[in-house]
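I open these notes to record what I looked up on the nonpolar cores and the aromatic pairs of a predicted model. The entries follow the order in which I looked.

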Amino acid sequence: MTARAASRPVGTVTRGTTNPNRLRRMDRWIAAVHSAELRRVDDPVAVDLGYGAAPWTALELLQRLRTTAPRTRVVGIEIDPARVAAAKPYEREGLGFRHGGFEIPLHRRPQLIRAANVLRQYDEEAVAEVWSRLCARLAPAGAGSRGGLLVEGTCDEIGRRHVWVALGPEGPRTVTLATRLGSLDRPSDLAERLPKALIHRNVPGEPVHAFLRDFDRAWAAAAPYASYGARQRWIRAVRDLAADWPVVDGAARWRQGEVTVRWDALAPLPRP
């Protein structure tokens, strides 16, 4: 292998489609659950990996993280050099853009890597290796710190429905479903936005399929609460769901149209 080949970014070019405000639900969740980790270091770095053909998501990530962790810097990383060149005019204090891929070409390990809609085009079998590579680049855990956070998931084109996995240096931690409740007929509507690690496992016998089935049942049982609004129906359904599934967040997040569950409860079963 030549030196030039060895330095080539790891990954493939994505479609690059993006819209302003598309990742707002993911960003707000990150700011709520990870801001303490960002504040505990003097120079926290967050990566927007695969930001696409326009830099809007990186700009928005900077704005949202700085509301709770004002010293945060954001680096947008793209494997397509033309997209990096197009983003350069938007650089400002705390925001930069760099050519690269899953190797995360930074001199220091970031406190956050957000990879939204990046792995959809990959095979399911590739996900574990990508996760492992990215987790190895996160800031390590230490005294009083759980280390950096990788947030990898998928959303629709205008950000109404998201599902993402949160991972630390040790591996997967949780799965979060987030939605605009007014657009929801039933929780299993979110199945089409499951990340690559889960979307092909939404079949009978797999944990994620059982979870969505039980969530739909809890949603149906909570129908009387619909007269108080979709938010109250969602909260009631999640409370019932938590009796059988390891829900790790509380009503403050449920009110946002979210629910977070331990990864090990939804993790795919080994292939025969």
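I began with phenylalanine 211, which I found buried because its relative accessible area is 1%, under the 20% limit. Its ring and that of tryptophan 245 have centres 5.3 Å apart and planes at 85°, so I noted the pair as edge-to-face. I then placed the two partners, which lie 34 residues apart and link distant parts of the chain: phenylalanine 211 sits in helix α7, and tryptophan 245 in the loop between α8 (230-241) and α9 (251-254). Tryptophan 245 is buried too, with a relative accessible area of 13%.

For tryptophan 234 I listed contacts, leaving out residues up to four places away in sequence, and among them are Leu181, Phe215, Trp219, Trp254 and Val259.

I turned to the largest nonpolar core, which has 54 residues, and those with the most contacts inside it are Leu49, Trp131, Phe211, Trp234 and Val259. Helix α7 (residues 207-221) gives the largest share of this core, 7 residues. Apart from it I found another core of 27 residues, including Leu61 and Cys155.

Last, I searched the whole structure for aromatic pairs and got 9. In one of them, tryptophan 131 and tryptophan 263 have ring centres 5.4 Å apart and planes at 75°, so this pair is edge-to-face. Tryptophan 131 belongs to helix α5 (residues 124-137) and tryptophan 263 to helix α10 (residues 263-266), 132 residues apart. I noted tryptophan 131 as buried, at 7% relative accessible area, and tryptophan 263 as buried, at 11%.

Notes
Residues are numbered from 1 along each chain as its sequence is written. This is a predicted model: local features need pLDDT of at least 70, side-chain atom pairs count only at pLDDT 80 or more; totals for chains, interfaces and linings use all residues. Side-chain values use heavy atoms; hydrogens and water are left out. A nonpolar core is a set of buried Ala, Val, Leu, Ile, Met, Phe, Trp, Tyr and Cys residues joined through side-chain atoms within 4.5 Å. Buried means under 20% relative accessible area, exposed over 50%, partly exposed in between (1.4 Å probe, protein chains only). Helices (H or I, at least four residues) and strands (E, at least two) are DSSP runs, numbered from the N terminus. Contact means heavy atoms within 4.5 Å. Rings of Phe, Tyr and Trp (its six-membered ring) pair if their centres lie within 6.5 Å; planes under 30 degrees apart count as stacked, over 60 as edge-to-face and the rest as tilted.
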